[in-house]
Every structure is written in C-alpha cells, then in structure tokens.
Protein chains: 2
Amino acid sequence: MSEETKQRIIEAGAELIHKQGFNNTGLKDILKAADVPKGSFYFYFDNKEAFGVEVVNHYATHFAGVITPILSDESMAPLDKLKAIFSNFRGYFESQGFTRGCPVGNLAQEMSDLSPAFRERLQQALRGLDAAVRHPLREAQKAGELPGNLDTRATASFIISAWHGAIIRMKVVKTGEPLDNFYRFVFDTLLK
Amino acid sequence: MSEETKQRIIEAGAELIHKQGFNNTGLKDILKAADVPKGSFYFYFDNKEAFGVEVVNHYATHFAGVITPILSDESMAPLDKLKAIFSNFRGYFESQGFTRGCPVGNLAQEMSDLSPAFRERLQQALRGLDAAVRHPLREAQKAGELPGNLDTRATASFIISAWHGAIIRMKVVKTGEPLDNFYRFVFDTLLK
C-alpha cells in the first residue's frame, strides 16, 4: 500500500474513463489496467464514485500543469497566451485522432445529473478553467488590447463553454475543423 | 407486434437515455419502462446499438417538430425566429430543473468514439441543427440585418457548438445562467 499504488490506479482509471466514459468503465477494467486486486482499490477509495472524483482532481492538476507555465510566460502577449493554451490542447486532440474530448467536459455531461459529489467537483474544475481564461483577458484589458468594459468573467465562461461544445462536434466529425472554427470566432470576432 | 409497440419502446428508452445516458441504461431498464418482453425488443431492433440509433432519429424528428413551425412563421423577423428557438429549449430545460441536456449533444459526447453507427447518425443530426440555424441567418442577411459577408455556415456551426457547451455547463451549475450568457453573446455580440 503506497501513494504510488494509489496514483497508478488513478492514472490507469483516468485513461480508461477518458477513452470510454465513466459508466462504461467497470471496476474490473480499472483493476486490470492498474494491475491491482480489488482490496487494494477499496483501501484507497470508498467506492467507484469517490474514485471518479479523484479522477477529476487528477485532470484538474494535469490542466494546471499545462496552463500555468503558459500564463506565467512574461515574454508572451496576453491574448497570445490564450491562443497558445487552445493550440496546445488542439495538438493533443490531433495526436489522438480527434477522439476522447475534454475529460472535464465529458464527465460534466455524463455525471452532473447522476452524482452530487461529481457535480460539486466539476463545478470547481470549471471555475479553474474559467479563471485560466479570465487571467489573460484581464491582462489584455490592462494592456488596452480589449475594451475596458468587456465583462471578462462572462466572456471566459462563454469561451470555455464554446470550447467544450466545439470538442463535442470534433468527436462527431473526427477532424480539427470545429476547433479551428472556435478559434476563428473567438480570436477574430469576439476578442477583436 | 405493431408500429405502436416499436414506438413505445423507443419513447420509453429515449426518456431513460436522456435522463441517465446510453451506457448507464440497461436493456432490462428499457424493457421494464416500455413493459415489453425481451423477444419483442429483438423483433424490432437488432441490438442495443441499433436501438440507440433509432433513439437519435426519434430526437431528430422531435426537434424538427419544434423548430419547423418557428422557421416557417412569416410573421417573425429572421433573428427573432432564432431567439424563439433557443428560448423554447431554455423553457424546456427550466421545466426539468436544468438537468438532462441536449440528447443529441449528450450522445455525441458519449457515443461518437464508441460506435460508428451512432457517429454517422449524430453527424446527420448536427447537420440538421446547423441547417435550422443557418436558415434564419441567411434570411437576416437578405433582409440586411446581418453583413453580407458573414459566413452563415461557419456561424451556424459555431452557434450550435456554443449552445451544446452552454448546456453542459448548465448541467453542472443547475441554473439557466450559462444559457443566458450564450444568448447574450450570440445575439448582442456575434450577430450584431
């Protein structure tokens, strides 16, 4: 029993859930992928739902690891940071043949109505994503690149939602076109 | 065996799938809700996947029934038609406590990577939704209410995607705020 084992179960489960959904992933699949017995799983997690909430934590931490260095890069103009974040995720999706989608968006769609614990954690995760988008919007505002009266909170929320929707369409059409369409509307229309 | 029985199975299954997801809905649940034996199900449907595709058809028909009368109403200005469509759906979501979401968006997220048959049917359904939005955009263009150089195809696709993403957020926060935020950005910024 170790933190390492717990982490291995989370990572193996997160991968399966990202590929095929939470309800479509059985506990047996997770145990097999992590190569642990059932007792080990229940040593770390009260049940599959509690495990799922830890998977959301795992993804929130992962996103922070991608986003924070970009937001902190003082050599980049504020809106270029935002472009870099979305380009980074687009690169990931392309590497996956435009499958999988956003793990937070997926679980928000699948689990919000079914589990209050998921819903609460996903709400936090959305707040984190909103904050990551709002940060460069406010910087751009201070730099005079965006109108001072732009509601950065509402704009960040709209951008993240439009991104989640574009990702759903990406999964259907299996090309990057919906992501490129999102990018054009956000950067050439909304943030002009 | 009758068309009526088939329709009853589809409607009962569609309701369950809308509430709790496709993979989370067992065949037994569907049979129980429709009050039919398993043999009856397999008389009409080759398997659960084929049944799911019929559920998408069912929703596409339902949406057409809501949207077509609005689009054909010659007493309304083009962009008012679009507003009426989204207000109509918002009213439905409010009546459901901002749960469930869009059945097409839900299944697009859940099933596109898992089933080519679903994916193909969902792609058609998205095309239908795009066309429903594009129609009033083109009318508005002809009436001089939108710029002649607006790419109505790309705009319709972006609007539907942004709507699907707003609905995901609605499921998480359980209020209409994300839908209202979508509405403001689309009608006060994008289509100005």
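## A salt bridge between the chains

B:Asp130 pairs with A:Arg169 in a salt bridge, with the closest N and O atoms 2.8 Å apart; the term asks for a side-chain nitrogen of Lys or Arg within 4 Å of a carboxyl oxygen of Asp or Glu. Between chain B and chain A the count is 4 salt bridges.

This is a predicted model, in which local features need pLDDT of at least 70 and side-chain atom pairs count only at pLDDT 80 or more, while totals for chains, interfaces and linings use all residues. Residues are numbered from 1 along each chain as its sequence is written, chains are lettered from A and ligands numbered from 1 in the order in which they are written, and side-chain values use heavy atoms, leaving out hydrogens and water.

## The wider interface

Here 40 residues of chain B are in contact with 40 residues of chain A (heavy atoms within 4.5 Å). The area buried between them is about 3700 Å², and carbon and sulfur atoms give 59% of that; buried area is the accessible area (1.4 Å probe) that two parts lose on being put together, summed over both. On the chain B side, B:Gln109, B:Arg169 and B:Val172 lose the most area to chain A, together 20% of what that side buries.

Helix α4 of chain B covers residues 48–71 (helices are DSSP runs of H or I, at least four residues, numbered from the N terminus).

Technical notes
Helices (H or I, at least four residues) and strands (E, at least two) are DSSP runs, numbered from the N terminus. The expected span of a helix is 1.5 Å times one less than its number of residues.
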